[in-house]
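Subject: Structure handover

Dear colleague,

Here is the structure you were going to take over. My notes on its spaces and its helix packing follow below.

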Amino acid sequence: MHVPDLPELLERMHVVAIPLHTRFRGQSVRELAVLEGPEGWTEFSPFLEYPDEEAANWLRAAVEFGWSATPAAIRPEIMVNATLPAVPAAEVARVLAHYDGCRTVKVKVAERGQVLDDDVARVRAARAAVGPEGRIRIDANGGWNVDEAEHAVHRLAEFDLEYVEQPCASVPELAELRERIAYLDIPIAADESVRKAEDPLAVARAGAADLVIVKAQPLGGVARALEIVASAGLPAVVSSALESSVGIAMGAHLAAALPELDYDCGLATVDLFEGDIVRESLVPHDGRIPVTRPEVDPALLERYRAPAAREQWWRERITRCHALLVPHT
């Protein structure tokens, strides 16, 4: 893959700060950078705490999407799930009202400072909101040990879970939990064990998951994510990383290129934002989003432009990440 010179990247970069209507991952404002490449707009948005070595994968993905042609799309639109942060049960209906027609809800659980009763109440409220025919999946982000996860899954099984995402942090823990709860017939999905692992295929080789969650930016781009899914030999769910519509478009192109797509994808997180940098946001209508490349609106770019000090911070970050990419191209 060709990596543009650093001056070209910096010249094409814009940094924005978009407020969220619901606190997510401890954030009430999402900072991210977008770049206008020859193939269209692209996004670089690793979370602020990520080290440069990890963030460099996100820059690789941004460069690929902005400077290379995307794989052929098999499908023109993608079914997506609503994402429910770790809000109190009383707020569930308000949050889910932002998502038009989504039949699936991913519920965040195992939040620091909360207890299992909070999770049960939130999942119960989500099930009430989507009805008996809706689909409920939970995401613990590796927050439980094996015993905690087994107990939690038993408590939450009554809500007819589609799957449990990253209940434990390590691959051996996932494998042990999968054995323990096999009789419940609730699949385990691996997220961090794929996107944050030195070997993203280790979880599949260990038989520690029933499906994999793939995200274009963290995995280094659409092409790399497609390779991982093919090598893992497991069903895949494409998800996002709290991106603007530009970043969501990258995920949509990944989902559109997968040979099989049996699960609704986590590509509706723009609905957590109070605004966007494109006029027609990639938010779900009747539970789906189109596979397209949205154009950034200059007026919205200016409205959400980050302060100069934050823009400089992102310029320095891209400079460091670019240095990590160049020797490997």
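A cavity here is a set of grid points where a 1.4 Å probe fits but cannot get out. The model is a predicted one, and a search of the whole of it turns up one cavity of 30 Å³ or more. The largest cavity holds about 30 Å³ of space. Its lining consists of Ala216, Gln217, Ser239, Ser240, Glu243, Gly247, Met250 and Gly251. By class, that lining of the largest cavity has five polar residues, two nonpolar and one charged.

Overall fold

The chain has twelve helices and twelve strands. Its radius of gyration is 19 Å, close to the 20 Å that the globule rule gives for 329 residues, so the chain is as compact as a globular protein of that length. Along the principal axes, the C-alpha atoms fill a box of roughly 55 × 40 × 40 Å.

The largest pocket contains about 760 Å³ of space.

For the second largest pocket, the volume is about 190 Å³. The residues that line it are Glu54, Asn57, Val194, Arg195, Lys196, Ala197, Glu198, Pro200, Pro218, Leu219, Arg224 and Ile228. Here the elements that give two or more residues are α2 (52–67), α7 and α9 (222–232). The lining of the second largest pocket divides into six nonpolar, five charged and one polar.

With α10 (residues 245–257), α2 packs at an angle of about 80°, and the axes are 11 Å apart. Angles of 65 to 115 degrees count as roughly perpendicular, so α2 is roughly perpendicular to α10. On the α2 side the contact involves Ala61, Ala62 and Phe65. These meet Val246, Ala249, Met250 and His253 of α10. The contact of α2 with α10 has six nonpolar residues, one polar and no charged ones. Met250 of α10 takes part in this contact and is also among the residues that line the largest cavity.

With α12 (residues 308–325), α2 packs at an angle of about 85°, with the axes 8 Å apart. That makes α2 roughly perpendicular to α12 as well. From α2 come Asp52, Glu53, Ala55, Ala56, Leu59 and Arg60. From α12 come Arg317, Ile318, Arg320, Cys321, His322, Leu324 and Leu325. The residues in the contact of α2 with α12 divide into seven nonpolar, five charged and one polar.

Regards

Notes:
Residues numbered from 1 in each chain as written. Predicted model: local features only at pLDDT ≥ 70, side-chain atom pairs only at ≥ 80, totals over all residues. Heavy atoms only, no water. 1 Å grid on protein atoms, 1.4 Å probe; cavity = no way out; pocket = protein on both sides within 12 Å on 5 of 7 lines; lining within 4 Å. Points joined across faces, edges and corners; volume = space filled by probe spheres on them. Helix = DSSP H or I, 4+ residues; strand = E, 2+ residues; numbered from the N terminus. Nonpolar A, V, L, I, M, F, W, Y, C, P; charged D, E, K, R; others polar. Axes fitted to C-alpha atoms, helices over the stretch in contact; angles between N-to-C directions. Parallel < 35°, antiparallel > 145°, perpendicular 65-115°, else oblique. Contact = heavy atoms within 4.5 Å. Rg over C-alpha atoms; globule rule 2.2 N^0.38 Å.
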